[in-house]
Amino acid sequence: MTERLPELIQLEALIESEAKIKNRISLQASELIRLPFHEQHLPIYECRLGNPAPGLPCLFLVGGVHGLERIGTQVLLSLLTSLCQRLAWDNNLQRTLENMQIVAIPLLNPVGMAMQRRSNARHVDLMRNAPVESQERTAWLVGGHRISPCLPWYRGPAGRPMEAEAQLLVDQVLKQTRQSPFTMALDCHSGFGLRDRIWFPYAKSTRQPVSRLGSLFRVREMFFQAYPHQNYVFEPQTKHYTCHGDLWDFLYDEAEAQGNPLLPLTLEMGSWLWVRKNPLQLWHPLGLFHPIKKHRVQRTLRKHLVLLDFLINATEAYTNWFSHNQEMADWHQAMLLWYSSNLQDNCS
Ligand SMILES: [Zn+2]
């Protein structure tokens, strides 16, 4: 019998303890699918906290898209545990969750995590699996490819439906955007760079900004002004590399086509810092993607709670800052900050 993943054990224990609480805003969980894995089946769970009535804003949280990036799942488990504990006594949180919903899929790729690999069971990188083609030259391999499933960043065969995990995420996010007037998302990853980064679409283009760039700039302004001593970099993903098949590029465009606003963010935890402080962890199979040392894991689980708390409050209060007029007012500054070369091209 294969050992059960510690992250699944923790999530299932939380779901079981919360099932005893009869309160409509407390955590409600459902099993979306069971994926075969050796002699067991690994479930993908969705957890909902807050008011289930339609017409309320939503924060959609995702972790474990890449099986090696366990810390993303652990950050979300830490948040869910904290919220469940606080709901018992925290009046402010109770009021906040009466006005919104938090939907979390903390572990989207349990088979990848169990197999200690980035991709799913069929060697497909879920974050390269959406039907999106970059119109620009992409980084070799990293940008997504169809050369061979034996190489990392494999997109899956051309013309085939999305992988079950990717399709499930698309279905759940779009179901939510259809019933919410505003949805913000945070997808937690690790494995890139020395600093923690907050990325947003597009991943498919260095030249084309998303239509809601002004609102993303507003989120950055609010966060940096409220918490000036944090250390995140907030930028479009294509500042670093362009890729095919990004699920959030696809979801952003689909939600926009349906007339439903979605602001997708990705937290990319700067894992190279953990390696620099502890080079020996490179010998560990998760070493490039996980803090490894206990005190560093604890620090990581603590520090992102500020960001997550901010996103909860910003989502609940979206009518105070999210509007077409505000978006237009912020557009130019956003272009100057992130796409200044485009402005120069247009002027020349
Ligand atoms: Zn990742």
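**Aromatic pairs, a pocket and one arginine**

Let me start with two residues: F234 and W338 are both buried. Before I go on, remember that this is a predicted model.

So what are those two doing? F234 and W338 form a stacked aromatic pair, with 6.1 Å from centre to centre and 25° between the planes.

Okay, stepping back to the whole structure: a search turns up 16 aromatic pairs. Here's another one. Y227 and F310 have ring centres 6.4 Å apart and planes at 85°, so we call that pair edge-to-face. As for location, Y227 is in the loop between helix 6 (213–226) and strand 7 (233–236), while F310 is in helix 9, residues 294–316, so this pair ties together parts 83 residues apart in sequence.

Buried or exposed, what about F310? With 8% relative accessibility, F310 counts as buried. Y227 comes out at 33%, which makes it partly exposed.

Now put those rings together. F200, F217, F223, F224, Y227, Y232, F234, F310 and W338 make up one aromatic cluster. And while we're on rings, have a look at Y202: the charged end of K204 sits over its ring, 4.4 Å from the centre.

Which residues come closest to its centre? Out of 24 lining residues, those are R118, R128, W199, Y241 and E268. The elements giving two or more residues to that lining are strand 5 (183–190), strand 6 (197–200), helix 7 (247–257) and strand 8 (262–269). Strand 5 gives the most, with three residues.

Last stop, R212. You'll find R212 in the loop between strand 6 and helix 6. Its relative accessibility is 16%, and the cut-off for buried is under 20%, so R212 counts as buried. What does R212 touch? Leaving out residues up to four places away in sequence, R212 touches Y252, E256, P261, L263, F322 and E327. For a sense of distance, R212 and P57 are 155 residues apart in sequence and 17 Å apart in space, going C-alpha to C-alpha.

That's my tour, thanks.

Key:
Residues numbered from 1 in each chain as written. Predicted model: local features only at pLDDT ≥ 70, side-chain atom pairs only at ≥ 80, totals over all residues. Heavy atoms only, no water. Phe/Tyr/Trp six-rings, centres within 6.5 Å; stacked < 30°, edge-to-face > 60°. Helix = DSSP H or I, 4+ residues; strand = E, 2+ residues; numbered from the N terminus. Buried < 20%, exposed > 50% of the residue type's maximum accessible area, 1.4 Å probe, protein only. Lys NZ or Arg CZ within 6 Å of the ring centre and 35° of its normal. 1 Å grid on protein atoms, 1.4 Å probe; cavity = no way out; pocket = protein on both sides within 12 Å on 5 of 7 lines; lining within 4 Å. Contact = heavy atoms within 4.5 Å.
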